[in-house]
Amino acid sequence: MTTPAPSPEIEPATRTGAQLVVDTLGALGVECVFGYPGGAIMPVYDALPQGSTRHILVRHEQAAAFAADAYGRATGRAGVCLATSGPGATNLITGIANAYLDSVPMVAITGQVAQPMMGTDAFQETDIFGMTMPIVKHSIIIRRPEDIPTMLAEAFAIAEGGRPGPVLVDLPKDVQQAQCDSPGKRLPKADVLPSPSQESIAEAEKLIAASQRPLFYLGGGIGRSNASEMVHRIVDESGIPAVATLQGLGVLPPEHPAMLGMLGMHGHRAANMAVQESDLLIVVGARFDDRATGKLAEFAPHASVVHIDVDAAELGKLRFAHAAVCGNLKASLAAIDFARGDIQPWTDRIMADRTAYAPRYDAPGNGIYAPAMLKALSERVGDDFVAACDVGQHQMWVAQHCRFSRPQAHLTSGGLGAMGYGLPAAIGAKLAEPGKEVFAICGDGGFQMNIQELATLRRYQIPVKIVLLDNAMLGLVRQWQELFFAGNYSEVDLSDNPDFVEVANAFGIEAFGIERREEVDGAIDRLMAARGPILAHVRIDPEENVWPLVPPGKSNAKMMEKRNDT
Amino acid sequence: MTLEHIRIEFRCAEGALRRILGVIEARAFAVRSMQMGSDGNRAVMTLALEPLDESRRVDIMLRQVERLYDVEATIRLSNAPPVMEVANVATA
């Protein structure tokens, strides 16, 4: 069970609704919000300077939502974004969907036209409450100023409790402007988490004890539950090998003796083969996403499933769970005895596979091989390394080749796959964890979707380090066109990209370019030495592909490998 | 295709009805009949649903509905015709 956030104590003086919003954010301990002002949220912006919460002015509302998302991932507390009604609110939608699909705590506050105007197609009126229903954990319209302290506190409690997610708070302008001298102090409803049943625990233990080829399947729920250290210890003590989803990377570092790597479409061959041969998957905080399972009907054909998750709706949704353990992840893990039989022959064999199928970094030629550069970068930075990616080839190279020592260090748009996430997410992450070395790893396509946030970096001098991997292509689409559309390259050419170094300089950001392999070490040195924001423009081969690859709709057993590797 | 009959009890919060129906449709069930009664604080509705295809399981969908914040209970009705079910609720 989570403890509900107490309704904040607000001084019983006459306050406007907008002042109550700012008071409440401060009372809830919100240190920073990401936003963009506009007509219907102006009373809140008028009150903001009197509060204790720092406002970061982004240059597009989508970036506010992505930055809040990353802040939420990094801290476990709800990231907050703020926008006006109409286009301001609709621009948040992609970021809200991103948080929903990756179970990230977020509170999105939108201005709304005044209540008498609602439903009249007023200027900048949109039904953001209705539009976002499918992509929020919950949403509310606050219709009385006296409800603001309680309902805002409730929004945070919902966003952060149980399986986290985004909560939308729509604030009509007249509510922001209205005077109130008796704000409510009702406690928000507690988010009651189920306790795992004794029957499910016993069934899980029976399956684990009987298994000869068990395998942990680690998902994003572990990081969200702050259960990484516990899982790490359980893996150490049990000796049961593990694979991770995209969101589960970092629970175990890649060098951990039981870690086989990422499974799925661009997973490690050893990880996918182990899943296919396993007789028991112990699934922790994961949801059998199709990018992880490949063709579901042929996924892990010999395996029983112990599924441990806080969300009952995930249990049995896509794969039958022989033991469905529903409850707080830490409580569930603590309740299970992971004692198992002799699995040494199994672990010896699959760990030999890990070595045999280890990625190679000896790519031919003098050009920069992005996987090798990313691996070197993450290893040089060490445990302080944090990467926020866009979506595409570079995102998969980051997942395959970077070293993450904790799941909060890998910020990636997994469920939604939203290009443009990298730069604003890096901003949110750096503000959440200023002591970490935060890198935005971007592709040239995704970078241009939120390139305006260079201005945010400049304004606040946020020392994010950008590695822009530029293949002058929409690389992953090009790769699929090469492999699955007979080489019919349709609308993927970005060879008329701007000069990114000049663009960065125009925003006031230090920048430099490299294109030869021997320049990589120097570039990493320069990035690490920079005290302020910096961009490294890295030209890479437009024809380089991400390997291995499970073709869409195929079994994970049918991985394609780079031709000169096989 | 066989219809599935369900009953949902929920708080009358703003948007609750839209949210519930949205989840049902998004999870690939079409509403074929629906009855609802409310006292302004709590509401009960029964629905007859047709799954989009045979792979869609109503128990899985109901768990998606149950996690909505305003939903208090869901019941899969084995054989009660939905209209009669609502009539019974309304007169209770």
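In chain A, residues 24 or more positions apart account for 76% of the contacts with a separation of 6 or more, a contact being two residues whose C-beta atoms, placed from the backbone, lie within 7 Å. The model is predicted: local features need pLDDT of at least 70, side-chain atom pairs count only at pLDDT 80 or more, and totals for chains, interfaces and linings use all residues. Residues are numbered from 1 along each chain as its sequence is written, while chains are lettered from A and ligands numbered from 1 in the order in which they are written.

**Overall form of chain A**

- Chain A has 22 helices and 20 strands; these are DSSP runs numbered from the N terminus, with helices (H or I) of at least four residues and strands (E) of at least two.
- The radius of gyration of chain A is 24 Å, close to the 24 Å that the globule rule gives for 566 residues, so the chain is as compact as a globular protein of that length. The radius is taken over C-alpha atoms, and the rule is 2.2 Å times the number of residues to the power 0.38.
- Along the principal axes, the C-alpha atoms of chain A fill a box of roughly 70 × 60 × 40 Å.

- E19(A) runs parallel to strand E20 (residues 534-539) of chain A, and five bridges join them. Within E20(A), Ala536(A) is the bridge partner of Phe512(A).

**Surroundings of Gly221(A)**

- Gly221(A) lies in helix H9 (residues 220-224) of chain A and counts as buried because it has 26 C-beta neighbours inside 10 Å.
- Beyond its neighbours within four places in sequence, Gly221(A) is in contact with Val284(A), Gly285(A), Ala286(A), Asp309(A), Val310(A) and Leu329(A).
- Ile308(A) is 87 residues from Gly221(A) in sequence, and their C-alpha atoms are 9.7 Å apart.

**Strand pairing in chain B**

- Strand E1 (residues 4-11) of chain B pairs with strand E3 (residues 42-51) of chain B in the antiparallel sense over eight bridges; Ile8(B) has Met45(B) in E3(B) as its bridge partner.
- E1(B) also pairs with strand E4 (residues 71-77) of chain B, in the antiparallel sense over six bridges. Here Glu9(B) has Ala73(B) in E4(B) as its bridge partner.

Conventions: Pairing = 2+ DSSP bridges. Buried ≥ 20, exposed ≤ 12 C-beta atoms within 10 Å, placed from the backbone.
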